[in-house]
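User: I have a model to go through with you. Let's take it by question and answer, and keep it brisk.
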Amino acid sequence: MQSLRSGRQLDFACRLFLVILFTFAYYPGTAHAATKVATDDDKGGDVQLKVGDVLEVRLKTNPSTGTMWYLHPKSTTLLRLSGETQTAGTEPGADRPVVEVFTFEVKRKGDGILLMRYAPAKQKPTLGEEQFTLHIVIE
C-alpha cells in the first residue's frame, strides 16, 4: 500500500515537473524595456523604439538666463512625458551649463517627430528659436 502511494506521488511530481518545463520552454520570453538616450548630438536624427521602452532626452541648458527646454505643443503623441529633472553642471560658477533630462514612455506603435523648444518660460513658440527634433519610429 505504501509503495503504491509513493508511486502515485512520484508520478504526480514527474507530471507537474514536465508541465512546468513545457510551460517555460514554449512561453515566449517577455521583452525587457530598454532605455534609449538621446543628446544634443542626436538632433535631427532617428531613433527606433519598441512599445514599453523608455526614451531619455538629455539637453544642455543654462537656467540662469531664464531660457529652458520645453516640450513643443505639436510634438508627437506617441510618447508621454513621465519625468523631468536637471543634473548639475561640471563647470564652476553661476553661469555653468546644466543638463535637462526628459523621460518619455512609449505609448503605442507608429512614427512621429519629438519636438522640443529652447525658450523663456511661458512664451508661445516663435520663429527662429532653437529647437531639438528627433524622428521617432516605434515598432
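User: Is tyrosine 118 buried or exposed?

Analyst: This is a predicted model, and every value here is computed from it. Tyrosine 118 has a relative accessible area of 18%. The cut-off for buried is under 20%. So tyrosine 118 counts as buried.

User: What is the relative accessible area of tryptophan 69?

Analyst: Tryptophan 69 is also a buried residue. Its relative accessible area is 2%.

User: How many aromatic pairs does a search of the whole structure find?

Analyst: The search covers the whole structure. The number of aromatic pairs found is one.

User: Are the rings of tryptophan 69 and tyrosine 118 stacked, edge-to-face or tilted?

Analyst: The ring centres lie 4.9 Å apart, and pairing needs them within 6.5 Å. The planes meet at 40°. Stacked needs under 30 degrees and edge-to-face over 60. Therefore the pair is tilted.

User: How many residues apart in sequence are the parts that this pair ties together?

Analyst: Tryptophan 69 sits in strand E4, residues 67–71. Tyrosine 118 belongs to strand E7, residues 110–120. The parts tied together are therefore apart in sequence by 49 residues.

User: Which residue in E3 is the bridge partner of valine 37?

Analyst: E1 and E3 (residues 54–61) run parallel, joined by five bridges. Across to E3, valine 37 has as its bridge partner glutamate 56.

Definitions and conventions. Residues numbered from 1 in each chain as written. Predicted model: local features only at pLDDT ≥ 70, side-chain atom pairs only at ≥ 80, totals over all residues. Heavy atoms only, no water. Pairing = 2+ DSSP bridges. Helix = DSSP H or I, 4+ residues; strand = E, 2+ residues; numbered from the N terminus. Phe/Tyr/Trp six-rings, centres within 6.5 Å; stacked < 30°, edge-to-face > 60°. Buried < 20%, exposed > 50% of the residue type's maximum accessible area, 1.4 Å probe, protein only.
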